[in-house]
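Please open the structure in a viewer and display it as a cartoon.

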Amino acid sequence: MKVFATRVIPAAGLELLEKAGHTVIQWAEPRELTTDERINFCKESDALLFAGGNKIDRPLLEHCRHMKVIGLLSVGYDNVDLKAATELGIQITNTPGVLSNATADTAFLLMLSVARKAFYQHKRILKGEWGFSTPTANLGIDVEGKTLGIWGLGNIGYVMAQRCKAAFGMNIIYHNRNRNEDAEINLQARYVSFEELLQQSDVLSVHASLTHETTNKFNMEVFRQMKPTAIFINAARGGIHNETDLIAAIEDGVIWGAGLDVTNPEPMQPDNPLLQMPTVAVLPHIGSATLETRNAMARVAAENIIAALAGRPVLNPVNH
Ligand code: DGY
């Protein structure tokens with residue numbers, strides 16, 4: 001059968017699909033598909049492997065109604081109209097688990113980068129500003145022994161907490177829909193209310209999905225409840241924080257700084273004021289972008305598609 005991939009996919013996934021006898025058509029051009037191109041490829045294919053691009057909305061799904069499955073190369077599925085997919089009988093699958101370590105590593109990297117103003121210091125060298133130094137210049141803050149607040153303690157949040165506990169003996173607090181017994185036992189994590197999370201966190205790391213409830217959750221009203229020395233980390237989805245409020249919160253000293261792997265919109269424009277701030281580190285949504293992890297994700301996405309095309313239950317259903 002024919003599988004259309006919206007990007008060139010990692011070799012491990014391609015090999016699996018081809019070994020299962022499927023033909024994979026990959027979009028290899030360095031530009032986004034037009035709406036008509038997407039529709040035409042979907043019409044001609046039996047499955048879609050979504051590896052990036054514009055939202056999978058109802059109009060596109062209408063053209064995919066003959067498909068058994070759309071396999072996402074991501075854990076997040078906020079870009080899919082799930083209601084429409086379910087109504088049209090299309091199975092959506094994702095790739096949870098395999099990207100938790102790499103994504104948590106990105107959050108960890110951002111935390112330290114903000115605490116030590118690393119991206120800013122790098123820019124100073126590039127601009128020839130290394131120059132004369134004094135013991136009171138270029139100061140960051142320590143994270144050792146501080147309190148890490150996790151908002152959304154799923155797989156990725158758990159690994160972030162684990163890393164911070166092991167490396168820096170950080171105290172872990174968290175707020176989540178459900179209690180996480182593993183974290184409470186193994187990491188001595190303490191469940192707190194959302195307000196306590198804001199008030200007590202030295203580093204607040206967001207690991208929630210983007211939903212109606214989480215959109216714009218971190219706005220000025222929320223930043224005002226945080227410590228003036230707090231670091232805000234978002235390696236989940238850019239829509240969870242309000243960018244205008246975040247800029248004002250850092251400029252006005254409401255919080256210390258922010259590390260973002262995700263922005264709203266993406267890509268972030270080069271003239272964004274956040275990119276000039278000493279206590280801000282921004283990455284271009286590379287949370288899961290390691291060779292090993294992207295191959296593992298492609299393998300999982302391919303296995304889901306192979307199972308669905310063979311009429312077997314998929315491993316990672318997002319809708320039922
Ligand atoms: C994910 O897997 O959801 C990553 O953020 C890539 O979109």
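Two strands count as paired if DSSP finds at least two bridges between them. Please keep in mind that this is a predicted model.

Begin with strand S1, residues 2-5, and select strand S3, residues 47-50, beside it: the two run parallel and are joined by 3 bridges. Within S3, alanine 47 is the bridge partner of valine 3.

Next, select strand S2, residues 23-26, which pairs with S1 in the parallel sense over 4 bridges. Here threonine 23 in S2 stands opposite lysine 2.

Now turn to another sheet. In what order do the strands of the open sheet of 7 strands lie? The order is S8-S7-S6-S9-S10-S11-S12, and the pairing is parallel. At the edges are strand S8 (190-191) and strand S12 (280-282), each of which pairs on one side only. Helix H7, residues 155-168, packs on this sheet and touches strands S6 (147-151), S7 (171-175) and S9 (203-206). The direction of H7 makes about 175 degrees with that of S6.

Within the sheet, select S10 (residues 231-234) and S11 (residues 257-260), parallel strands joined by 4 bridges. Phenylalanine 232 has alanine 258 in S11 as its bridge partner.

Finally, select the ligand. Around the ligand are Ser74, Val75, Gly76, Leu99, Gly287 and Ser288. By class, this shell holds 2 nonpolar and 4 polar residues, with no charged ones.

Definitions and conventions. Residues numbered from 1 in each chain as written. Predicted model: local features only at pLDDT ≥ 70, side-chain atom pairs only at ≥ 80, totals over all residues. Near = placed C-beta within 6 Å. Nonpolar A, V, L, I, M, F, W, Y, C, P; charged D, E, K, R; others polar. Contact = placed C-beta atoms within 7 Å. Axes fitted to C-alpha atoms, helices over the stretch in contact; angles between N-to-C directions.
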